[in-house]
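Please look through the sequence and the three-dimensional structure shown here, and then read the report that goes with them.

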Amino acid sequence: MRIVDLIAKKRDGAAHTQSELSRLMDGYCRGEVPDYQMAAWAMAVYFQGMTASETAELTLAMAQSGEQIDLSPIPGVKVDKHSTGGVGDKTTLIVAPLVAACGVPVAKMSGRGLGHTGGTIDKLESIPGMRTELGREAFLAQVASEGLAVVGQSGNLTPADKRLYGLRDVTATVESIPLIASSIMSKKIAAGADAIVLDVKCGNGAFMKTAAEAEALAEAMVAIGSGVGRATTAVISSMAQPLGTAIGNALEVAEAIRTLQGEGSEDLTELSLLLAAHMVRLGGAASSEEEAMELVRSRLADGSALRRFARFVAAQGGDASVADAPDERLPQAPYRFEVSAEQEGVVAEIDAAQLGTAAMILGAGRAEKDEPIDHAVGLTLLRKLGEPVRAGEALAALHARTPAADEASRLVREAFRIVPAGTQTARSPLVLSIVT
Ligand code: URA
C-alpha cells in the first residue's frame, strides 16, 4: 500500500494493521516518508483516533525504531516510573532509592526540564560532582552493586518518536491521546522496563487539565502495557498546586532529602509512598498493595531509603554528605526575598504552571532545549491550598541570582488567588484514581 493510501485509510476512520504501522514508522525514520505525509497522517489520527491494538502496535514500532536497552543481565523484574510532568515534582528522587531499599532494582533513564516543568537529571546535577552520564556497562554494574542508577537519556532511543514528536509540536497534533500514550510508552519499553508505574498529572500545572483527559491517557497507556506484555499501573494525581514546597533544582533535591529523612510535606510523602508501593508490588517484593505499602513505609522510617540515596549519589561521583546536610552542601542562591499576600483570607487557587514559569524566569528552567540553567535558584511555597494568610504575610520565597526579580515576583503574586475565610472552594484530592 502506498503511504497516501495509508493516510486515506486513517482519514476515513479505518484501523491500520501491524505491518502498515511498521512500514510507516520505518519509512519515516529512513527519510522515505516525508514530513508532509507524516503530518497529514498525524492529523488523521488526531481526528479519527486509534484502537487499543493499533496504539500498542504503533508503540512497539516506535520502541523498535532505534536502540533498545537490554536489562536482562539484572535479575528480577525491572520496574520503571514515569511522570507526565508537573511543577515541583521531585518524586523520582525519593521513590527510586525507596524502591531500591525494598530490594527491587531501579535502572532509570530520566530527562531534563523544558518550559514550566523540571527534569530529574537537572535536579541531580545540582549535587556537587554528580555524574548523570554513565556508559552502558557502568550503568548495569551500578544497578547490580547499588540496586539503583539514574542517568540521562543517551544513545539512539526511539528515533521515530523523536521525529514524530517534533513534527506534532508544529502541526497542532500533540493533543492526541493515542499519539501521547504511544510516545511515552515507546520510550519506557525501549529503556528496558518489564513493568511500568505512571504518574499521570492532572490540573492547571499539567499537560492534562481535566480528570477525564487524564483518565483517558492513563487508560490508553495501561492498555498499551497489557497489549505488549508490560504490567502497567497509572496513578492519576492532582497538579492543582505544585507538589511539596520547592520548585527549582537544588531546592527540590533538598526537599527530597528532607522527605527521605522523614520530614517531607504531607502531599509529597503520600504520593511518593504510593508510587513506590506500586513499583514494589509490580517488582514482586510484596504480594498485595497493603503489604507493599507497609514495606515502603518501614524502609522510609528506618532510614534505609536515605542511606540508599547516599550510596547512589556516591556511586555516581556526587557528594554523599548532601544526604546529611542538604542546605550546606547544595548550591544556594545569593538573594532570598518574599512575595506577600495583599489581602487576608484563604488560599483558594494556586496556578502551578505560572509558578513553574516564574521559577524558569529566575533561571531554574529553560525556555528552549539545551539552554543552561542555574541550579541554585527557584521558589519555596510558604502557603498551600486551603491555608489561611493575613495581608502582608509571605506566600512564597524567591531564591534569586539578582537583588530584584520583578517579573518573577509579579507572576508568583498573581499565581495565588485568596478568598475571604469561609468562602466555599473546590478542592481535588491528591490522588484522583488508580488505573490498572
Ligand atoms: N510527552 C511525551 O513524551 N510525548 C508526548 O507526546 C507528550 C508528552
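## Domains of the chain

The model described here is predicted. Its chain is divided into domain 1, which covers residues 3-63, domain 2, which covers 79-323, and domain 3, which covers 331-419. When the centres of domain 1 and domain 3 are taken over C-alpha atoms, 43 Å separate them.

A UniProt annotation from an unreviewed entry, "domain: Pyrimidine nucleoside phosphorylase C-terminal", covers residues 346-419. In the model this span is 28% helix and 30% strand, and the C-alpha atoms at its ends lie 5 Å apart.

## A residue in a loop

Ala14 is found in the loop between helix α1 (3-11) and helix α2 (18-29).

## Strand β5 and its partners

Strand β5 (residues 231-238) is largely enclosed by the rest of the structure, because seven of its eight residues are buried. Strand β4 (residues 195-202) runs parallel to β5 and is joined to it by eight bridges, with Val197 standing opposite Thr233 in β5. Between these two strands the chain crosses through helix α10 (residues 211-227), and this β-α-β crossover from β4 to β5 is right-handed.

Strand β5 also pairs with strand β13 (residues 431-435), here in the antiparallel sense and over four bridges. In this pairing, Ile236 stands opposite Ser433 in β13.

## A sheet of three strands

Strands β10, β8 and β12 form an open sheet in the order β10-β8-β12, with antiparallel pairing. Its edge strands are β10 (388-389) and β12 (416-419), each of which pairs on one side only. Strand β8 (residues 345-350) is joined to β10 by two bridges in the antiparallel sense, and Val346 stands opposite Pro388 in β10.

## Around the ligand

Which residues surround the ligand? They are Tyr165, Val174, Leu179, Ile180, Ser183 and Ile184. Helix α9 (residues 177-190) gives the most to this shell, with four residues. Sorted by class, the shell has five nonpolar residues and one polar residue, while no charged residue belongs to it.

Conventions:
Residues numbered from 1 in each chain as written. Predicted model: local features only at pLDDT ≥ 70, side-chain atom pairs only at ≥ 80, totals over all residues. Near = placed C-beta within 6 Å. Nonpolar A, V, L, I, M, F, W, Y, C, P; charged D, E, K, R; others polar. Domains from an automatic or database assignment. Pairing = 2+ DSSP bridges. UniProt positions renumbered as here; feature names shortened; annotations may be inferred. Buried ≥ 20, exposed ≤ 12 C-beta atoms within 10 Å, placed from the backbone. Right-handed = clockwise from strand over helix to strand, strands pointing away.
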